[in-house]
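Me: I have a chain open on screen and want to talk it through. Can you take my questions as they come?

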Amino acid sequence: MSSDNQHNIIIMGGGAAGLALASKLGRRFRRSDSVSVTLIDQQLTHIWKPLLHEVAAGSFDPNVNEISFLAQAKRCGFRFRLGALSAIDRANKKIVLAPIFDVKDELLSNERHINYDTLVVAVGSVSNDFGVPGVGDHCLYLDTTQQAENFHKRLVQTYTQIFSSDSSVEERKLDVAIIGAGATGVELAAQLRQIADLLDSYMDITEQSVSISVRIIEGADRILPALPEYLSSATAKQLEKLEIEIYTGETVTEVTADAVYTKSGKQFPSNISVWAAGIKAPDLLQNCDGLEQNRINQLMVTGTLQATLDENIFAIGDCAACEWKDGKFIPPRAQSAHQQASHLARSLRLRIKGEPLPVFKYRDYGSLVSLGNYSTVGNLMGNAIKNVRVEGLIARIVYLSLYKMHQVSLFGYVRTALFTLSNIFRRSVHPEIKLH
Ligand SMILES: Cc1cc2nc3c(=O)[nH]c(=O)nc-3n(C[C@H](O)[C@H](O)[C@H](O)COP(=O)(O)OP(=O)(O)OC[C@H]3O[C@@H](n4cnc5c(N)ncnc54)[C@H](O)[C@@H]3O)c2cc1C
């Protein structure tokens with residue numbers, strides 16, 4: 001217990017895992033004098049990360065759909081503090097938050113030190129550029145809402161510039177290169193094709209529109225290398241129908257302002273390059289006072305989700321490395337984050353009572369890949385079914401239900417239903433994509 005006789009639970013990071021956990025614990029302990037729950041995030045709002053490719057494409061408006069941490073804290077009974085984790089002082093059970101500066105670079109808050117009895121690290125992941133030259137300078141990422149919005153602005157601006165120019169029909173070309181054919185890259189590619197069609201419909205086309213070439217460049221020998229092979233081939237067929245070019249077995253060696261180069265000597269022209277080729281936990285986790293980590297900065301945790309070298313620290317979501325089966329680790333996915341948050345909400349209550357903690361068991365319910373309005377493909381797994389392939393409407397409904405489950409964990413059923421209804425009404429009166 002800390003000096004104020006309260007058990008301080010600090011949750012660092014309000015993403016898919018951290019915000020769900022804070023909401024559940026907040027509701028459980030809101031009237032408790034002996035437990036306080038604090039969520040700390042470097043942003044003021046939350047958006048469910050799997051929606052970022054839709055933000056990038058402009059089909060999902062973050063300003064309407066983001067969740068204010070302060071409002072959620074009031075609703076659920078936890079505290080919220082703005083701040084970015086910069087280090088952990090394990091000996092004194094404190095976290096260090098970086099100083100905060102305003103937009104004019106003026107200091108708003110000094111470095112802060114905050115006590116914890118239980119610390120949950122849920123700071124997610126960022127793109128891993130593996131040190132490839134030019135990526136940092138010339139590629140866009142989809143790690144944050146800001147980055148997804150930047151991508152969208154760049155897409156609309158470049159499209160309208162080319163459209164408005166007096167260049168010849170042949171020169172009216174916009175090349176987009178997506179590096180990495182995991183779910184993020186593939187879903188973004190399909191969204192872009194949808195947006196290209198929509199942009200054309202908004203542009204009052206009298207002669208010839210801008211032709212958008214979308215290319216996916218992947219180092220592995222197939223797209224979606226982490227998912228089952230048939231899912232990969234079903235998705236590749238759909239992408240070919242959408243005229244998206246796929247280049248597998250191509251390791252990117254350099255990115256410049258207008259091209260992507262690969263080891264085999266190929267050069268792909270590119271007005272906009274997006275890097276979606278793998279993740280790592282944020283570099284700041286290297287300042288965790290000697291906690292065990294893997295080569296992509298994830299904190300190594302035991303079956304109870306406690307750090308291997310410190311039982312007062314838990315890690316969940318993308319920043320945690322928890323062994324699963326056959327030497328594999330639990331994949332960095334929204335469903336893992338959701339399940340770990342639910343598990344920890346139960347086990348932290350036991351920890352406070354001094355009882356032994358249960359081991360987390362990850363259930364893989366399958367994978368779904370959304371190809372915008374064109375199709376959704378995937379496989380489902382569960383207690384009653386071993387592995388069922390799904391496509392089309394059923395797959396789409398299950399895909400959308402993942403987000404609904406996240407909303408239910410934050411708001412409950414009634415508010416989630418109201419949000420859904422208000423979104424349906426809003427979509428019926430606004431353009432299908434953001435045009436600015
Ligand atoms: C474009 C895209 C599409 C995806 N699509 C899918 C999909 O279809 N299905 C699927 O299962 N998964 C998908 N994922 C992966 C999924 O989004 C993640 O696995 C999931 O969000 C991980 O949850 P998390 O809570 O660990 O991290 P996040 O949801 O990323 O949350 C991390 C939080 O920590 C905060 N934070 C970070 N650093 C600090 C710091 N230093 N101090 C304070 N706060 C900090 C961030 O602001 C953020 O709020 C997708 C990811 C992306 C980027």
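This is a predicted model: local features need pLDDT of at least 70, side-chain atom pairs count only at pLDDT 80 or more; totals for chains, interfaces and linings use all residues.

Me: What box do the C-alpha atoms fill?
Reply: Roughly 75 × 55 × 50 Å, taken along the principal axes.

Me: And what share of the residues counts as buried?
Reply: 51% of the 436 residues. The chain exposes about 20700 Å², and carbon and sulfur atoms supply 51% of that area.

Me: What about contacts that reach across the sequence?
Reply: Take contacts between residues at least 6 apart in sequence. Of these, 65% join residues at least 24 apart.

Me: Charges next. How many positive and negative side chains?
Reply: There are 45 positive and 46 negative side chains. The centres of the two sets lie 11 Å apart.

Me: Now helices. Where is H1, and how far does it reach?
Reply: H1 covers residues 18–29, which is 12 residues. From first C-alpha to last it reaches 16 Å, close to the 16 Å expected at 1.5 Å a residue.

Me: Is H1 enclosed or open?
Reply: 9 of the 12 residues of H1 are buried, so H1 is largely enclosed by the rest of the structure. Among the buried ones are Leu19, Leu21, Leu25 and Phe29.

Me: What about H10?
Reply: H10 runs over residues 392–411 and has 20 residues. It reaches 28 Å, close to the 28 Å expected at 1.5 Å a residue.

Me: Which residues of H10 are buried?
Reply: Ala395, Tyr399, Tyr403, His406, Gln407, Ser409, Leu410 and Phe411.

Me: OK. What comes just after H10?
Reply: Glycine 412, with a positive phi of about 85 degrees.

Me: And H8, what does that one look like?
Reply: H8 spans residues 229–241, 13 residues in total. It reaches 19 Å from its first C-alpha to its last, close to the 18 Å expected at 1.5 Å a residue. Its buried residues include Tyr230, Leu231, Thr235 and Gln238.

Me: Is glutamate 243 buried or exposed?
Reply: Exposed, with a relative accessible area of 63%. The cut-off for exposed is over 50%.

Me: Switching to loops. Where does proline 282 lie?
Reply: Proline 282 is in the loop between strand S21 (279–280) and strand S22 (299–301). At 12% relative accessible area, proline 282 is buried.

Me: Which residues is proline 282 in contact with?
Reply: Leaving aside neighbours within four places in sequence, Val123, Gly124, Ser125, Val126 and Asn297. The C-alpha atoms of proline 282 and isoleucine 296 are separated by 8.6 Å, and the two are 14 residues apart along the chain.

Me: Tell me about asparagine 297, then.
Reply: Asparagine 297 is found in the loop between S21 and S22. It has a positive phi of about 70 degrees although it is not a glycine. Asparagine 297 counts as buried, at 6% relative accessibility.

Me: Last one. Where is alanine 57, and is it buried or exposed?
Reply: Alanine 57 is in helix H2 (residues 52–57). It is buried, with a relative accessible area of 0%.

Me: How far is alanine 57 from alanine 189?
Reply: They are 9.4 Å apart in space, C-alpha to C-alpha, and 132 residues apart in sequence.

Terms used:
Residues are numbered from 1 along each chain as its sequence is written. Side-chain values use heavy atoms; hydrogens and water are left out. Buried means under 20% relative accessible area, exposed over 50%, partly exposed in between (1.4 Å probe, protein chains only). Contact means heavy atoms within 4.5 Å. Accessible areas come from the Shrake-Rupley method with a 1.4 Å probe; for residues, only the protein chains shown count as cover. Lys and Arg count as positive and Asp and Glu as negative; His and the chain ends are not counted. The place of a charge is taken as NZ of Lys, CZ of Arg, CG of Asp or CD of Glu. Helices (H or I, at least four residues) and strands (E, at least two) are DSSP runs, numbered from the N terminus. The expected span of a helix is 1.5 Å times one less than its number of residues.
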